Amino acid sequence: MSSLPEAHAKISLGSVKTTGMKRRRLHHTIIGLLYLLPSIILFAVFLFYPMLRTLYLSFYLTDGQGVPITFVGLDNFTYLLDSPSFHTSIKATLLFVCYTVPAGIILALILALLANEKLKGIGFFRTMFSSTMGMSVAASSVIWMFMYNPSIGILSKVAEFLELPDIQWLLDPQYALLSVSVATIWMNTGFAFLILLGGLQNIDEQLYENAQIAGVSYWYQLRKITLPMLSPTLFFIITVSFINAFQTFGQIDILTKGGPIESTNVIVYSIYKDAFINFNVGSASAQATILFFCILMVTILQFKLGERKVHYQ
Amino acid sequence: SSGTTSTDSKEAGDASKQDSPGKTEVVFWHAMSGELETALNEIAKEFNESQEEIEVKPIFQGTYEESLTKFNTVAGTEDAPTIMQVFEVGTKYMIDSGKIQPVQKFIDEDNYDTSQWEKNISNYYSVNGTQYSMPFNSSTPVVVYNKDAFKEAGLDPENAPMTYSELKEAAKKLTKKDGDKTTQYGFSILNYGWFFEELLASQGGLYVDQENGRKGDATKATYNDEKGLKVFSLISDMYKEGTYYNVGQNWDDMRAAFQSGKIAMYLDSSAGIRALVDNAPFEVGVSYLPVPDDAERQGVIIGGASVWMSNGISEEKQKGAWKFMKYLTTPEVQAKWHVKSGYFAINPAAYEEEMVKQEWEKYPQLKVTVDQLRETKANTATQGALISVFPESRQKVVTAMESLYQGMDPKKALDQAAEETNRALEMANKKKGK
Amino acid sequence: MSLTKKAFLYGLLIVFTIFMMFPILYAFMISFMKGGEVLQGNLLPESFTLDNYQSAFNKVPLLNYLFNSFFVSMVVMLGQLIISSLAAFAFVFIPFKGRDALFFIFISTMMIPWEATMVPNFITVQKLGWINHYLGLTIPFFALAFGTFLLRQQFKTIPKELFEASQVAGISRFRFFWNIVLPVSKTSLVTLGIYSFLTTWNMYLWPLLVTNNESVRTVQIGLKQMQTQEVSTEWGVVMAAVIVVILPTLILLFLGQKHLQKGLTQGAIK
Amino acid sequence: MKRVELVGVSKSYDGKSNVIQEINVSIEPGEFFVLVGPSGCGKSTMLRIIAGLEEVSSGLLFIGDASANHLPPSQRDLSMVFQNYALYPHLTVEQNIRFGLHTRKVSKKEQIERCIEAADMLGLSDLLKRKPRELSGGQRQRVALARAIVTQSPICLMDEPLSNLDAKLRAKMRSEIRQLQRKLGITMIYVTHDQIEAMTMADRMMILNEGMVQQMGRPLEIYNQPENTFVASFIGSPPMNFGDGEVVREVLELACERSKKTERLLNHKQVMVGVRPEHIQLTKPDQVGFSAEVLNVEILGTETLLTFDIGKGEQWIAKWNGQWDIRIGEKVSICIDDKNLCFFDKEDGKRINTRAPFSEMQALLNGGLV
Amino acid sequence: MKRVELVGVSKSYDGKSNVIQEINVSIEPGEFFVLVGPSGCGKSTMLRIIAGLEEVSSGLLFIGDASANHLPPSQRDLSMVFQNYALYPHLTVEQNIRFGLHTRKVSKKEQIERCIEAADMLGLSDLLKRKPRELSGGQRQRVALARAIVTQSPICLMDEPLSNLDAKLRAKMRSEIRQLQRKLGITMIYVTHDQIEAMTMADRMMILNEGMVQQMGRPLEIYNQPENTFVASFIGSPPMNFGDGEVVREVLELACERSKKTERLLNHKQVMVGVRPEHIQLTKPDQVGFSAEVLNVEILGTETLLTFDIGKGEQWIAKWNGQWDIRIGEKVSICIDDKNLCFFDKEDGKRINTRAPFSEMQALLNGGLV
Ligand SMILES: Nc1ncnc2c1ncn2[C@@H]1O[C@H](COP(=O)(O)OP(=O)(O)OP(=O)(O)O)[C@@H](O)[C@H]1O
Ligand SMILES: Nc1ncnc2c1ncn2[C@@H]1O[C@H](COP(=O)(O)OP(=O)(O)OP(=O)(O)O)[C@@H](O)[C@H]1O
Ligand SMILES: [Mg+2]
Ligand SMILES: [Mg+2]
């Protein structure tokens, strides 16, 4: 009845395993690439090619149109590394990242936690909290510029009312970066909030039910359930916030133009100035390259350290 | 349907697709926004209606910097515009770019009489006797002051300070304090390189060597001489005395400060006067730029922008563009432009037009700006510097100005800026050398 | 929930709402002010005039721009959703060699500063003949590493039993993607959709660069067109324009929010 | 040790139909209270209400002596095993078990001790460092159980805590849980589908159907004196056999055209007759039986289930001890002792009290004599 | 109808220890094959390997006649009920049930028909429009079951599909599944913890322990002739009682200082003696018994479990039919028929074949005579 075919036994285990597995793997690779094809093509044309071009240009002096004129080797880089102005840029960039990323994420997290409570009318608050997402950088910056205005802005009016010394928020090198950061945090909160709220809502309700029965405190739940379960989302938003912070441009252009005394001249703004105002495409490319590798490093670090701690279901 | 301009621009857009057969299309890239764009569109419309062969399409392309970037990327291709508006500091860059056709060619061909143009304006755009572009929207700096505040401080509202020491005195009187807090400052200058350049030129100071770059490619900044230092010292001193207010880099912030009574005197562009008078809740006075006590007043450099013609496009289009340029400089058009925009008329004949006279009656302040320009002595200082790295150099000067507020020594700040300008110049020359 | 806790929560919610909403309301107020009023730093307009809105619409073809913005944003949103979700699906549910490396390469594209790629991209688009065309405004943005990343994170939280169950049921991979993965990830898709719509809506420099006439220009250019440099900006008009420009997106967000809320509660796994 | 009392509790999820309805029960301190009922009858809902995870739609809930309607779950001082475990996927087994212990003011040392003890008892000692997704179904369930046990809360709710365990382990767990409950004096509310669990563990049990209480009492009481046909058929496996009948002057006439003398019921015309499978017996030499065709034989090892055709298409199942080699289709003579018949009202399914009550004593003797 | 064959299959999750080990089994087309074993022994793992959800670490897998080691799950043409259901949270019950039917080339009309039929059979008809999270535990399980049933695939894998159902429904489902399987000729591989399910449904069953096959065969065969002590104690509930013993010249001497004559085993010195609970009986007048103290009495309704102290601290459990009112501490005389003794090797736990083999026939007679 059972025709336990001798043939089965004869096929060596090894050969079945390798050929079968190889075929399956190849199949997977092909299918996988098929799904990725549109992305790969578009990335190649609109991201990798320009990036390589940028890398290439960073070794050249160029004319206004970005056409390379002279090969100068690493000159663009060495000059940058010596230039105090570039040092300020790096410092400003790092400071900006430090000001905006942690504060922004914590604020968004607080908002998301609040908005995750089951209360009447919570939908309204959720909408309000996410509303800055609907604002363009240009529009928000214009509004903030207005608020920071030392003569007519609301902040100075409030300071006047409280008899505080008035501070020229955007004109004092001490406060300018901070002020831009506050505006930036405000602008980014809506999006981070929405993402985090989504993450919170995806956590299985039963895990909280058990915690409630166990009678643990709110903070304990936050530490032991919410944050670990939210970790994929947090990981995502942290990574993205870092990258975005490194690449902030719009609000700086409108609020401070990199001033005063270059205190807000973050690298991206400096790249923009070099490439589009001063027409030093070579130098801009060199800065872009450096920026790219800086972010890359931070991100690799984050993936190395972070993704291990991230818990996926 | 909702307004003249909106239908206009729509037509312009549509027309570009249809390409009405008989007409030569002249694309005009500009950076005029707000009211200015409205005025410009109107002029173009009237021109298009005035004749049959040419169709001018003004298209906004962002700020001066942005439009220049765009021009850069498309120059020499079919996407390039026929006419391009470029700000004054881009002049040298355009000349060097090789992508433009100097208008001198058409002036010569046409035997066009350029003497009808305001010499002090067209001078800026002519190098070694060649007129490169046609001046279009030009402005100069003036002192703007609050007449009411003057009265209150016991100053003569009709006579604004003309020298640095008078300025300092007046500023002192105008500065009002409420306890520790200053509620009204005497004077202010926007942190913008242009004002420094003007204050330098009005004492006859040069920005760079090679006769302000007009004899050859400049190699060195000269603005850190004692004339430049006088300007910087003025700012530094007044700031220390507490009579000077730092308004930052933003034009609108500066005007807001003035209009809200935070500052009593400041430097502004002639083009902004009219709106200022309209909106200010007090009487506004306008006066000439101050000079150091021992210096002889030289006048001002022209600011603003001019229009350029692309090369590498059909002769027909160039001719059409030239026709439009000529149209722009007619007294009637200039009168209109002056009244609507606040920019100078390139053709002084415009000032005789009825329209202008009426306007001046309403805004006597406008006349002051024109007078200042006309009294300007023509020399290399007031002709303005010609360097390709002007934008970069201006950034350096701005940084230097800002560091004054942090208590930096004026000389040191100025030297630092000059040094960095030198380096930029060096790089630019290096590129050009190859 | 105890009453004090409720009161405390509402208190916090209201404080944060004020903080988040104030700037927007402020702009809204200014949009009704006359020139002089704005410069005196008032908080409330003396009278609500619609003049500013009228002149905003008169100055630039805002409606035309709004349509273009809407169209372009919609197309980019759809394109990004489709392409990102396909890629993210491959990264989570199809095990192939070098997958992680490829993913990291994808992520690394997020680090390329946009400013650095603009000029080469412009030249590419020009060579493709996409200047003054919707194509130039949309296609370059279809591939979005950010979106792929977001969706990958989401897809990773889908219990693997669901995948196993459909494998056993003999469902094709694509069908699983379409019928299970996408609906279950509704929240993230809506979030990403809103995000890509808004970022596209807010683009300024690129649309300016690749359009030479007004036929396909977007509304942010219109906004810029109302601000001037050397001549006084009419703040009232600008703020009116700001309101006009942010209103559609805010409305969209609010509507999306409703949908999102539903998605949030339904999408929850288990 | 705390009382739990529900007074007129109803719950509706959709605001329309009640999932549980008018539940009145007082669970005494230290009682082992078992909840049984068909799938979807509202058992989990009731537990969740007691735990405070669902609000009641109407009615009162008391825990200890205080009203608990609005007490948050954290203040009810109870522990719970969820039907689908609710383990924390990101925590190890050990962390899962110890989760929340600190709130009970248990020293770190004791936490570890309790954890090890529970893990030992549940056979989880080797798995303490694993994450839930690396566990088998039964192991996960045991972790959930351990988590509830270690808290030693005065009230413990368990929702089918042993459903995924094998018989042997289950037997062990049954006695361990029962011992622990006795030792600590915990008030236990326990949901189960397993009759043996219900019968052996319960001090009292409640039978729910469609959200309504069918009967409540000691297990044997319920087994022997089911209030209605639902309870009769629900408790006992295989379930009680039923037949329509009529009692005419001490003679029971079944619908399937058989009749039988009965002295216990005089004049109740329309009845439902119930007989438990173990009471259908092979006719012994001195008894009067009737013969029926065997439709199916299932030999379970310990016992054999026989399905008889008793006429008119009705089938009754008999359970006989041992393994019987009876062929399908064979005719067998069976008899039912009059004492073992249960009678129910045909209309409302309620039990009819008989003259000679079907007492526990009798049943015991009866059982003893087989 | 397809064969499933495993040849030397082992599986390790961590690359070190094997979770299942060297499994050799050929499951015939149309066979109902039941897999039992203690929690964590590798049952689910084996199902998952057959379904293609886990790769084998070594060994060969054949489905039909083709090697299936690397066949993707979707091409194996089987259906599966997951231990934790794996329902799609965003789809309604109906959509869940119908999900994937299209791949089987089933017309829309038939899809609906099958769905309604399955829902009817499983009592889900009223719930078709609900989402899984609005269902009770048992209802979810039934949806998972329905989803597997409707596909009518030639091979069906079920991982404890009835664990969350009550006895009554479970009995119904047992026969329904069995009927369906017979009707469609499905090859069924079924994991369960429920002995009744295993005994009644299986054509053949396999007992796994720690990843290794303990015994494989027809249910009764396994019940009556357990290969080793593990199987003997695992199958049957309560489990078989064991005692150490020594056979000296036809006399079995138990460690608990009792002895008994036995003719079946001559000279096997060290043995383990096993006796099933139902075979420990009250001594009848004509029998020789020994008296033992009753330690515990559990009355289950149908039957009573008695725990006896048989000396030296060893406890044996007896299962008696009916309800017995015996007091704890009472001494009762019990006897065990020689025929009902099982012997195992003390060293390796293997069964020792006796002279008069403990045959099925004998057992049946024996059962019949009680
Ligand atoms: N992903 C995994 N990683 C590591 N170990 C695992 C994994 N899945 C299962 N195991 C282990 O493998 C063993 C067998 O698991 P399996 O799920 O097959 O058990 P089972 O027989 O189905 O048990 P149960 O009846 O409890 O469901 C268990 O000891 C379990 O802990
Ligand atoms: N969130 C919900 N929304 C709507 N109906 C629900 C919800 N939860 C449960 N129900 C319904 O309420 C009834 C009772 O559910 P409950 O979970 O209490 O049943 P149960 O007795 O625990 O059943 P089981 O033994 O199958 O777990 C069921 O019919 C179920 O479908
Ligand atoms: Mg339940
Ligand atoms: Mg399992």
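## Ligand and metal sites in a predicted model

In this predicted model, an oxygen atom of ligand 2 is placed 2.8 Å from an N or O atom in the side chain of D:Gln83. The side chain of D:Ser44 also has an N or O atom by the ligand, 2.5 Å from an oxygen atom of ligand 2. For D:Ser39 the corresponding side-chain distance to an oxygen atom of ligand 2 is 2.8 Å. Taken alone, ligand 2 exposes 630 Å², and the protein buries 87% of that area. Two elements give two or more residues to the shell around ligand 2: helix 1 of chain D and helix 4 (137-151) of chain E.

The surroundings of ligand 2 comprise 20 residues, the closest being D:Ser44, D:Thr45, E:Arg130, E:Ser136 and E:Gly138. Because the residues around ligand 2 come from chains D and E, the site is shared between chains. Sorted by class, the shell of ligand 2 holds four nonpolar, 11 polar and five charged residues.

**The magnesium ion in chain D**

D:Ser44 belongs to helix 1 (residues 43-51) of chain D, while D:Gln83 sits in the loop between strand 6 (78-81) and helix 2 (93-98) of chain D, so the pair ties together parts that are 39 residues apart in sequence. Is D:Gln83 buried or exposed? D:Gln83 has a relative accessible area of 16%, and because buried means under 20%, D:Gln83 counts as buried.

An annotation from UniProt, in an unreviewed entry, assigns "domain: ABC transporter" to residues 4-235 of chain D. Within residues 4-235, chain D is 35% helix and 24% strand, and the end C-alpha atoms are 25 Å apart.

| Residue | Atom of the residue | Distance to an oxygen atom of ligand 1 |
|---|---|---|
| D:Ser136 | side-chain N or O | 2.6 Å |
| D:Gln139 | side-chain N or O | 2.7 Å |
| E:Gly40 | backbone N or O | 2.7 Å |

On its own, ligand 1 has 640 Å² of accessible area, of which the protein covers 87%.

Which protein atoms are the donors of the magnesium ion (ligand 4)? The donors are E:Ser44 (OG) and E:Gln83 (OE1), which lie 1.9 to 2.2 Å from the ion. This pair links distant parts of the chain, 39 residues apart: E:Ser44 is in helix 1 (residues 43-51) of chain E, and E:Gln83 is in the loop between strand 6 (78-81) and helix 2 (93-98) of chain E. E:Ser44 and E:Gln83 are both buried.

**Chains A, B and C**

For chain A, UniProt (unreviewed entry) places the feature "transmembrane region" at residues 30-52, 92-115, 127-147, 175-197, 227-246 and 284-303. In the model, residues 30-52 of chain A are 100% helix and 0% strand, with the end C-alpha atoms 27 Å apart. Residues 284-303 of chain A are likewise 100% helix and 0% strand, and there the end C-alpha atoms are 28 Å apart.

In chain B, B:Gly154 is found in the loop between helix 7 (147-152) and helix 8 (164-174). B:Gly154 has 62% relative accessibility and therefore counts as exposed. From B:Gly154 to B:Lys173 the separation is 19 residues in sequence and 8.1 Å in space, C-alpha to C-alpha.

In chain C, C:His133 occupies the loop between helix 6 (114-127) and helix 7 (134-138). With a relative accessibility of 39%, C:His133 counts as partly exposed. C:His133 is 15 residues from C:Thr148 in sequence, and their C-alpha atoms are 26 Å apart in space.

Conventions:
Residues are numbered from 1 along each chain as its sequence is written. Chains are lettered from A and ligands numbered from 1 in the order in which they are written. This is a predicted model: local features need pLDDT of at least 70, side-chain atom pairs count only at pLDDT 80 or more; totals for chains, interfaces and linings use all residues. Side-chain values use heavy atoms; hydrogens and water are left out. Helices (H or I, at least four residues) and strands (E, at least two) are DSSP runs, numbered from the N terminus. Buried means under 20% relative accessible area, exposed over 50%, partly exposed in between (1.4 Å probe, protein chains only). UniProt positions are given in the numbering used here, feature names are shortened, and annotations may be inferred rather than shown by experiment. A residue is near a molecule or strand if one of its heavy atoms lies within 4 Å of it. A polar contact is a pair of N or O atoms within 3.5 Å; within protein, one must be able to donate a hydrogen and the other to accept it, and residues adjacent in sequence count only if both atoms are side-chain atoms. Accessible areas come from the Shrake-Rupley method with a 1.4 Å probe; for residues, only the protein chains shown count as cover. Ala, Val, Leu, Ile, Met, Phe, Trp, Tyr, Cys and Pro count as nonpolar, Asp, Glu, Lys and Arg as charged, and the others, Gly among them, as polar. Donors are N, O and S atoms within 2.8 Å of the metal (3.2 Å for Na, K and Ca); water is not among the atoms, so sites may look incomplete.
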